[in-house]
Every structure is written in structure tokens, then in C-alpha cells.
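Have a look at the structure, try each task, and then follow the solution.

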Amino acid sequence: MVSAQLVASILTVIPAMGLLFWILNRYEGYFEQNRLFFALTLGIFTGLGVRFLELALFQFESEATVAVTGPIFSLLYTVAGYGLVEALANQAVLGFRKFRSRKDTPYYGAALGVGFGAMWTLQFTTFILKPSLEPALQLTIATAGKLLEAVLFGAGMVLAHAAAAIWVGKASGDGKLWRGAALGALWLMPALAIYWFIVRVSPGILPALVLLGYGILALQQAHKRVLEVIVPPEIRDLVRKERRRTARKME
């Protein structure tokens, strides 16, 4: 028997770590490694805890909630409720004295968001894969489609959580904690709306691909408008020179 949770872990955690390396690799030396791994660890445990609470106490996206409140309110509760809870959880971590009022806090926010997003995503990717992998692996086109759907969904959600946590980290670094919670929730809401659509309306590769597209856009904006801006000009110049030097060597 192939464990769906093991496969889901491989499909979410390993790409998430690769994403974190890609985001921060160019600026290694501008942040503290031990603080970065501390934020990543907190993100993993916070993501597990928050997702457990969402599933145990709320389940806004569940069929039972839809039956009681109707689909519109279920969607609104999922988008606004989960978005606010997750942003507040990120803000609670990045509001620690260890991170607060530091210019490099957005980088630790990126680590926090990647860990949080990977653990938050793990439950649903397991749900996607379970029918195709348990009780026995089914080598079919449908199984390949589910694997692709899980990869796209996991990548999109991790990217969106990383982007939201970067904005939370920026506000925390500026000492504006409530602003960080609001920004984090706003950046998470479109991803959660797509998640609700996948759960309640139409699972499949296309909506997962839309989620990935949004995640890429959100992270690109956070990278351009936050991470690049806080880096001192002299470090940006060194990075550009190193890129040109690498490109010349490859040529």
C-alpha cells in the first residue's frame, strides 16, 4: 500500500524548501540563519495547529456548513474567516520581540509562510491523492492527473502563504502589527476563494492551475515591493554584479 500522506508530504514539503532557498539564496548574509530556521520551525508548527483548529472547530467549506448557511455565506466565511485567522497567526509569531521592528523581518516572514503553507496544504493534498493511492496504487492517467493536481494546488497555496507572510513581516518590521494582519488576510483571500471553489464546486487541474498562477503573482509582488526594497543599495549592486559574472561564465 502506498501512503497518500507520505506522497503528499514529498509533493509539498520538498518543493516548499526549494522555494525558500530560491527566495533567500541571493541575500544570504543579510539575515541571520538561526533566526530564519527558527521562523521556519514556528511556521511548520503554527500551520499544523491552525489547520487542525480550522478543521476541528469551523469547517466553513464543508457540506454541512453549505447546507446550513448556503454557498455564498460558506464562501465568505472560508475566505474572510480563514484568511483572518491565518494572518493573525502569522502576525502573532512575527510580533515576537525576536522579529518585531527589524528591517529584515520580511525574510523571516517568508520562512514562516513557507512552513505554514506547506503544513496547511498537506491535509488537502492528502485528500486529493488518497483515492488514487489507497488501498493500492492505480497506475492510470487519472492517477497522474491527481498527482499533477496535488502539485499545482500545493505549490499555489505555499506561494500565497509565503507572499502573505512577507507582507505581515514588513508591517511587523515597521511596528504596525494590525496593518500586517490586514494585509496578510487580503493577500490570502483570493487563494482561499479558489480553494473553496475546488472543494465545493469543481476539483481538477484547471482551478489548481489558476491557484498556482495567483500564487506566482502574489509572491512576485511581495518580492518586488518588499524583499527587493529593504535590501541596501550596495547589496543589490553586489547581487547584480554576481548575476552578470555568473552569466558571463555560463556563456
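**Exercise 1: a helix pair**

Helix α2 (residues 33-58) and helix α4 (residues 71-94) pack at an angle of about 150°, with their axes 11 Å apart. Work out how the two run relative to each other, and which residues touch.

*Before you start.* This is a predicted model, where local features need pLDDT of at least 70, side-chain atom pairs count only at pLDDT 80 or more, and totals for chains, interfaces and linings use all residues. Residues are numbered from 1 along each chain as its sequence is written, and side-chain values use heavy atoms, leaving out hydrogens and water.

*Step 1.* Angles over 145 degrees count as roughly antiparallel, so α2 is roughly antiparallel to α4.

*Step 2.* Contact means heavy atoms within 4.5 Å. From α2 come Leu-42, Thr-46, Val-50, Arg-51, Glu-54 and Phe-58, and from α4 come Tyr-82, Val-85, Glu-86, Ala-89 and Val-93.

**Exercise 2: a second pair**

How do helix α1 (residues 4-24) and helix α8 (residues 205-230) meet?

*Step 1.* Their axes come within 12 Å and cross at roughly 30°. Angles under 35 degrees count as roughly parallel, which means α1 is roughly parallel to α8.

*Step 2.* Leu-19, Trp-22 and Ile-23 of α1 meet Leu-219, His-223 and Leu-227 of α8.

**Exercise 3: a bent helix**

Where in α7 does a kink lie?

*Solution.* Look at Met-189, shortly before the proline Pro-190: the kink there is about 35°, taken as the angle between axes fitted to the seven residues ending there and the seven starting there.

Terms used
Axes are lines fitted to C-alpha atoms, for helices over the stretch in contact, and angles run from 0 to 180 degrees between N-to-C directions. Helices (H or I, at least four residues) and strands (E, at least two) are DSSP runs, numbered from the N terminus. Angles under 35 degrees count as roughly parallel, over 145 as roughly antiparallel, 65 to 115 as roughly perpendicular and the rest as oblique.
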